[in-house]
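Trainee: Please take a close look at a single part of this model. Which helix packing can be described in detail?

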Amino acid sequence: MQNSFSIELMPVGMNEFSKGINSAIMKGDRGMANLQVRDMVFCRFIGTESNLLKVFNAIRKTGYTDASKVMITTLAGSFYSNIKNDISFMLDALIMMLIEHQTTLNPNMPVRLLGYVDELFKRYIEPEKRKIYSTELIKLPAPEFYVFYDGEDTSFEHKELRLSDAFKTPSDKLELIVHVYNLATGKNEDLKKICKPLREYSIFSNHYKLLRKQGLTVDEAVRDTIRYCIDNDVMKNYLLHNESEVIDMFGFEWNEKEEREALLEAGEARGRLNSIRDLLSDGLVTLDALKASGRYSPEELAAIAKP
């Protein structure tokens, strides 16, 4: 019998996305903002009941056809917990599949997913929490863990990450295995062949990355990619209904190399202005002299003059 499992689903409104991105930027965490953008299209396109059923069938080599058996359990955070994951769902309350999308390989995914499944199990047994201390065994859906990698590393097709690899001393007392599938062109083509959603997302993502490497701006690359995909019946329905949202999301993308250089330059500028401010406060230079030098903008002079 299926457990009545209530869970707050991931919000889908653009306002919530914008708030999250803006919050990350305000905190100076633009790398996090970039990752949120890269994840969002994957999660929204793949994360429907029908597409998740196709992913499930492709990975487990099954033939389920009834998408109503899929129950999405993605953690969106709540008043009591700020834990969020990319995608999680159950099929008939027998299997619980947790899926993460990554553009950078993270060896700590097993421990992160351990936290996610812990929270999911807590919510799953909430209606029967008193039974946890009884002699009756509470049955749980069997968890499985997957990462779909969408970065620049093409040196692998599939790899396993194990929780035990993080232990300071060898132990087989607790294990969690994460299967990582590379979505790069030419990788896991058999899986993509039998799973249309993964194949289509891979075409979308790899075409976009190719255009960026060719020197197109973010806006040019995403618009050209959307046109290419619609013309070739790739993610067509999703893109026709969400084109402006996808463009908006990619508008938040940050080039990490350029961002690092900009932050370094800004840090050097701050250090230079602070040094000049010290000279000014020590009476070794005057504001008039700085102004007369012509080397500083009005904004910089205002910043230097600030106590």
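Mentor: Helices (H or I, at least four residues) and strands (E, at least two) are DSSP runs, numbered from the N terminus; the chain has eleven helices and six strands. The model is predicted, so local features need pLDDT of at least 70 and side-chain atom pairs pLDDT 80 or more, while totals for chains, interfaces and linings use all residues. Residues are numbered from 1 along each chain as its sequence is written, and side-chain values use heavy atoms, without hydrogens and water.

Contact (heavy atoms within 4.5 Å) involves V218, D219, V222, R223, I226, C229 and I230 of α7, and K236, L239, L240, E243, V246, I247 and F250 of α8. These residues divide into ten nonpolar, no polar and four charged (Ala, Val, Leu, Ile, Met, Phe, Trp, Tyr, Cys and Pro are nonpolar; Asp, Glu, Lys and Arg charged; the others, Gly among them, polar).

Helix α6, residues 196-213, has its axis within 9 Å of that of α7, crossing at roughly 140°; the pair is therefore oblique. On the α6 side the contact includes I203, F204 and H207, and on the α7 side V218, A221 and V222. Here the division is ten nonpolar, two polar and two charged.

Definitions and conventions:
Axes fitted to C-alpha atoms, helices over the stretch in contact; angles between N-to-C directions. Parallel < 35°, antiparallel > 145°, perpendicular 65-115°, else oblique.
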